[in-house]
Amino acid sequence: MMQKLLNFSEKTGLTLLIPIIKIIMKDEPEKQAKELLKLILLPTLALSIFFGLWSLASTRIKTSVGALPSPSYVWFQAKAMAADARAERVNKAEFAFYEKSRAILSGLLTERQEQEAAGKPTEASDAQRTAFVGDLQGRVDELTSDIKILTADVDAAHIAATAAGITDRRIEPYKTNILKFYQDAQYSLTSLISKNTRIDTAIINLTSGDEKKRKLAARKRTAYERQLSKPRAYSGNGSILDYVKRSVVTVLFGFFLAAVVAVPLGILCGLSKNFMTAVNPLIQTLRPVSPLAWVLITIQIVDGVFVGEKALNGELINNPFLHSAITVALCSLWATLSNTALGVSSVNPDYMNVAKVLKLNWFDRIIKIVIPSAIPFIFTGLRITLGVGWMVLIVSEMMATSRGLGWYIDQQYQNNKVESLANIIVCIFIIGIIGALLDRIMFILHKTVSFNDDEVSA
Amino acid sequence: MNAGNKQTALKTALAAILAATLPTFGAVDENTIPLDVEKSNLHFGFIKLTDCAPLVIAKEKGFFAAEGLNVKLTAQKNWVILLDNVIKGSLDGAHMLAGQPIGATVGVSQKAEIITAYSLDLNGNAITLATDVWEQMKVNVPADANGLPIHPIKADALKPVIDHWEGDFNLGMVFPVSTHNYELRYWLAAGGIHPGFYTAADAQGHTDGDVVISPNAPPLMPSYLNSRAILGYCVGEPWNQKAVLAEKEGQQLGVPVVTNYEIWKNNPEKVFGVTKGWAEKNPQTHLAVIKALIRAGKWLDASIENREEAVDILSRSHYVGAEIEVLRNSMTGTFVYERGDRREMPDFNVFFRYYASYPYYSDCIWFLTQMRRWGQLSEDKPDHWYIETAKNIYRPALYMEAAQLLIEEDNLSEADIPTGTDGFRPVTGAGDFIDGKAYDGHKPNEYIQSFTIRAD
């Protein structure tokens, strides 16, 4: 069991775990304790120097928007961003509740219409609708009392902050956000209830003696019922979690595109000297091109293909998503291409001779011999590709207005204040951590498929 | 900023939050009769400037929702990308420079048919110069009894500085067909400084210029001023007030010297633009959007409390995102030139008063005359061309249709809209333009001919 854990740590490069496991296994405990101490102390030392220098810089460097945010300010902002993300979840839940209520109410109204048309009595469905609206009112009342409590809390926090002289921080970000979202929810639900009431009034007025009144009632009823029947998509602003999610999906999609193009091309290059000679100048020319140049041309090409009616308008899959994903692919596929070519061209000639003897056809030769022996190389390439892709993604999202981390950073930059500088720094850490995680995953995959562990360096 | 100001800032922020918590049940959509919209989930773009306010307010105060519109707003990186996204269909519509639909339709910038039926605001821009440039120019500006400079400041005061300037005098504006470009050139030319012409060979507009004017993204102007990439700029709020608040070597980063209200009193600024194709495909949706925008504009100009609340909403990170104090300076009727020199400017941002949101043909024609004046339009055109082009791009009839619906619903009164207009503003008075010229939208060629500095 312990040995398995040890193998796992070695495989995943979690070097910190190795001495701990060895100590538990009583394998040279003293030597391992020293090793562990080193593994903890040295990075701690480096980190303290880093944060020390940063703190020092933040007291000295004045930017055009104010002082450079200190580590503690950035930490404060990180917590505020986390609070925003939690609040956003509440907002999504409130929205889902509204959408569900709207659909139910609309269904009940349609039912009533059908009953009217068929000349059936409507009392039962009316009663059902009244009961449902009563439930909604219950939810509104709940929200109202929550809003009261939140308002008191937020106000108290503001007064306390003013007394303490704090003006450059967001006070109670979570509660302030929730307060706003609850108010929105309260408003939407009240409006839903009031629309139902207005429909009821219109239904009564339909039998009025005054023709003008009757006509207006009919118009209003149709208009409201039609409005209620239309589904709404979530139109909130999103939070850091949404941006991270979008960025990760984009880079994985771009990575997938890069692999799909680069691996087959790389195999061809490795198999055929002539093919390599033919495409090499093109590869060498396109490889060093900056993402900033690629993204501009990608935007134009994608928008030229998916234009007007064909424009992609999905929540996730839309034109800006393709702009950034394709840019990622264009900038990152080269490492996989050249590594695959190298791997394929260095397949042991003996294997190929055996293949000839066995009279394997071309396709079988690739599947059974070429790819398996080139796999370690291909994975080396893929690992670099993913790393490059993640770096390229941020800048391509900035240019393409794709609502991921890059877009968010650019928006913050444009906000032009100290708070937004701190947000950018938080994002830099998030980008770094995700990049390191992605690399770790590729590293593990690479180790898993390699025959010789020495080929892979952490 | 002193402690007293901070206190008031917080108190007003608090008041805004309290105001927002007061029950306003059903108030917004009580009378609204929603139209049969073709598309209810919409995506609009905007640039981080205070004059995106009608769009933000229509969303946040429930005016869009009242019309059954579910609107998502996304800040765009710059005006080119914004327009591209509208043309390509990624966005349904957007906050646009008044010159953008015009430029796109006549082919001065990206070519596409864009129309507008709603003007978002009047005024709202200023020209800011680096503090050291201002120090040099200040000696030429007459002062009042208190030693404060007398406004409006004309470019005549800047001319001697530029005449003796070593190297290029770089200035920033936001877009080749933007109001800012024309206002900056207008102001410079009125003071005898040649701003440069656009020619067939020079799409940058630098030919014959005493200065070098180039486009930059609005929110980045203060940074560029800080790095000396530019010595001044013409941009919308809050990016002029930002230069006052920002520090460089113990002084304010830049000094706003003139507002566009002083260059042309109540000049048109931004519009809400959509493609002609989109408008034809979604006529009821378009009408519903205009209805919501009219109500948002009216709300913005209804009271100072509403402006305070708008400042609070706009300061959110997803909208303009600048500090509340910076936004408040211009949105609540005052303007700071130099620190300590705060002046009343009740009409700095106008969203609805003076029929601000009605899309006048004459506004469109003014932009066309400036495109001709600076050489973006290379050929002379007859007066009727100007008028027909304006009628193709500006759609006051649609505005009126939306307004009539609102009047029927009791959400608007007759006094809010210009009745009996032919779509042209009256000829401007003598004091309206900084150079004293009179502008009559019916006679564009006469107007163009009246300038001494103009392209052939």
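The following conversation concerns a predicted model with chains A and B.

Colleague: What should I know about the model and its numbering?
Modeller: This is a predicted model, in which local features need pLDDT of at least 70 and side-chain atom pairs count only at pLDDT 80 or more, while totals for chains, interfaces and linings use all residues. Residues are numbered from 1 along each chain as its sequence is written, and chains are lettered from A and ligands numbered from 1 in the order in which they are written.

Colleague: How many residues does each chain give to the contact?
Modeller: Chain A gives 44 residues and chain B gives 44 residues; two residues are in contact if their C-beta atoms, placed from the backbone, lie within 7 Å.

Colleague: Which classes are found on the side of chain A that touches chain B?
Modeller: That side has twelve nonpolar, 21 polar and eleven charged residues. Ala, Val, Leu, Ile, Met, Phe, Trp, Tyr, Cys and Pro count as nonpolar, Asp, Glu, Lys and Arg as charged, and the others, Gly among them, as polar.

Colleague: How far is Asn392(B) from Lys276(B)?
Modeller: Their C-alpha atoms are separated by 9.6 Å, and the two residues are 116 apart along the chain.

Colleague: Where does Asn392(B) lie?
Modeller: Asn392(B) lies in helix α17 of chain B, residues 383-393. Helices (H or I, at least four residues) and strands (E, at least two) are DSSP runs, numbered from the N terminus.
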